[in-house]
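Subject: Structure for your files

Dear colleague,

Here is the structure I said I would pass on. My notes on it come after the structure itself.

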Amino acid sequence: MAERVVVTGCGVVSAIGHTFPSFWSNLVQGVCGIAEATVLSTDQLTQKIVAEVKDFKPQTHFDERQLASLDRVAQFAVLAAREALEHSGLSFEGGLSERTATIIGTGVGGQNTQDDNYKRLYREGAKRLHPLTIPKLMVNAPASQVSMHCGLRGPAFAVASACASATHAIGLAFQLVRSGAVTCAVTGGADACLTFGTMKGWEAMRVMAPDTCRPFSRERKGLVIGEGAAAVVLESLEHARRRSAEILGEIVGFGMSSDAHDLTSPDVGGMARAIEGALGDAALSPEDIQYINAHGTGTAANDEVETHAIKRTFGSHAARLAISSNKSMLGHALGAAGALELVATLMSIRKAVAPPTINYLGPDPTCDLDCVPNEARPLAIDAALSNSFAFGGLNAVLAVKRV
Amino acid sequence: MDEVAADTMAIIAKRLPADKHNLSMTDRLEDLGIDSFSAVEMIFDLEEKFDVQIPFNSNDNRTDLLTVGDIVAAIKKLVGRP
């Protein structure tokens with residue numbers, strides 16, 4: 001028989017707070033994490049704004065020896081996982097660590113390590129690189145580091161699907177716990193690619209906003225690159241109840257699809273199939289949903305197509321949904337985005353409030369759903385969705401319910 | 001046709017199937033089937049060819065770069081050979 005899967009811990013490192021409580025408090029207050037970059041030189045960048053994890057001091061969390069093997073992305077992942085585990089109160093006696101999975105999504109892995117080392121090699125003519133270059137930049141480093149730092153000895157691997165990485169990771173962890181293959185999972189996503197090389201790559205796509213991120217708004221001018229990490233602890237409802245754990249919410253469905261269409265243009269059909277998949281998996285009907293935490297990148301194309309996909313799936317109920325985008329505050333944290341947004345979705349249900357879509361200037365006729373403009377709104381939510389749609393046409397949607 | 005116009009039109013034509021390579025200045029990019037990301041690649045090719053910077057954000061609803069002639073005129077202005 002399938003296990004019910006609940007969330008018992010959250011951890012966050014974000015542009016609007018280095019911890020889960022500060023993240024949520026700032027998210028509801030509409031604090032914007034977008035500003036001119038300080039972690040990299042902006043001299044040669046046409047777009048100088050990012051949503052970086054500000055004033056982050058790794059030395060306060062790790063000793064020198066640990067830091068030698070941790071790229072910034074793995075630092076974020078480990079901190080988020082540690083906080084989530086502490087929050088959950090789990091202890092790993094009696095072989096539980098072997099029945100706990102570690103599944104961490106990341107878009108690109110250790111980009112700071114790669115950028116720094118390529119600069120040494122190609123520009124400065126270095127003869128050799130640091131021996132930990134490869135194990136720091138590999139895409140599974142965040143998952144491996146979380147597993148090592150937290151002592152988790154069950155199935156562990158990375159999931160990479162660009163902007164949907166964390167949602168795919170959490171979805172797979174959900175399926176593993178539901179099936180009984182593992183009892184618990186530490187899962188989420190991390191990315192930290194605010195480097196000169198990656199920012200020039202984003203610049204070349206010409207999708208970045210010069211001012212700020214305004215999802216679903218008129219005069220929106222594109223996305224803003226962010227960074228960070230979020231992790232959740234999943235466990236079977238039975239296990240959580242047996243140890244009298246505080247239950248933050250239940251994951252009830254997961255839908256995935258591929259557009260098989262275009263590398264960068266979003267597709268209504270692909271998005272709609274993922275949304276329908278999550279609803280079907282959860283045995284929820286469209287009318288059961290009150291809130292959607294949107295992918296909402298702030299590009300002209302995503303927000304219009306996501307609006308279409310929601311209308312296609314929800315019909316007349318779409319007009320009654322609250323739909324907000326955290327990216328207006330967090331920027332696009334890429335492989336971390338889906339995990340940050342799942343944490344936000346869980347808390348929205350638990351605290352009965354829909355976080356706002358800030359920086360909103362007014363309606364765009366192509367995005368005519370209720371995006372909770374500029375101010376959070378009290379809202380009784382029984383069930384909600386969290387949408388993630390990646391470059392490459394890879395779509396993932398999680399369905400969450402109050403327990 | 002001068003060299004800048006010919007080179008610009010050849011780069012635009014690269015984005016199109018062979019049967020549409022015969023471009024005229026009044027052809028609209030949208031009608032030719034050049035979508036926003038195809039336009040981004042085209043602009044990269046133009047910047048590389050002429051060593052210029054063309055301000056372009058695919059999220060903008062631009063009204064000044066709609067036709068083949070608009071692109072040719074923009075390039076000529078940037079390279080200083082009107």
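This is a predicted model: local features need pLDDT of at least 70, side-chain atom pairs count only at pLDDT 80 or more; totals for chains, interfaces and linings use all residues.

Residues are numbered from 1 along each chain as its sequence is written, and chains are lettered from A and ligands numbered from 1 in the order in which they are written.

Domains of chain A

Chain A is assigned domain 1 (5-242) and domain 2 (251-401); such bounds come from an automatic or database domain assignment. The centres of the two domains, taken over C-alpha atoms, are separated by 21 Å. Between them, 61 residues of domain 1 are in contact with 57 residues of domain 2 (contact: C-beta atoms, placed from the backbone, within 7 Å). On the domain 1 side, the elements that give two or more residues are E1, helix H1 (20-29), helix H7 (165-179), strand E6 (184-191) and E7 of chain A. Helices (H or I, at least four residues) and strands (E, at least two) are DSSP runs, numbered from the N terminus. H7(A) gives the most to this side, with eight residues. By class, this side of domain 1 has 36 nonpolar, 19 polar and six charged residues. Here Ala, Val, Leu, Ile, Met, Phe, Trp, Tyr, Cys and Pro count as nonpolar, Asp, Glu, Lys and Arg as charged, and the others, Gly among them, as polar.

Cores

The largest nonpolar core has 138 residues. A core is a set of buried Ala, Val, Leu, Ile, Met, Phe, Trp, Tyr and Cys residues joined through C-beta atoms within 7 Å. Buried means 20 or more other C-beta atoms within 10 Å of the residue's own, exposed 12 or fewer, and partly exposed in between, with C-beta atoms placed from the backbone. Among the residues with the most contacts inside this core are A:Ala77, A:Ala80 and A:Val343. Helix H3 (residues 72-88) of chain A gives the largest share, ten residues. Both domains of chain A give residues to this core, so it lies between them. Leaving out residues up to four places away in sequence, A:Val343 touches A:Cys10, A:Val12, A:Phe20, A:Ala230 and A:Val232. Another core, of eleven residues, lies apart from it and includes B:Ile43 and B:Leu46.

In strand E1 (residues 5-13) of chain A, nine of nine residues are buried. E1(A) pairs antiparallel with strand E7 (residues 228-236) over eight bridges (pairing: at least two DSSP bridges), with A:Gly11 opposite A:Ala231. Three bridges join E1(A) to strand E8 (residues 249-258), also antiparallel, and there A:Val7 stands opposite A:Gly249.

The buried residues of H1(A) are A:Phe20, A:Phe23, A:Trp24 and A:Leu27. They cover an arc of only 90° around the axis, which puts them on the same side of H1(A); the arc is that of the directions from the helix axis to the C-beta atoms. They pack against E1, H3, helix H12 (327-330) and helix H13 (337-351) of chain A.

Chain B

Nine residues of chain B are in contact with eleven residues of chain A. Those on the chain B side divide into four nonpolar, three polar and two charged.

Regards

How values were computed: Two residues are in contact if their C-beta atoms, placed from the backbone, lie within 7 Å.
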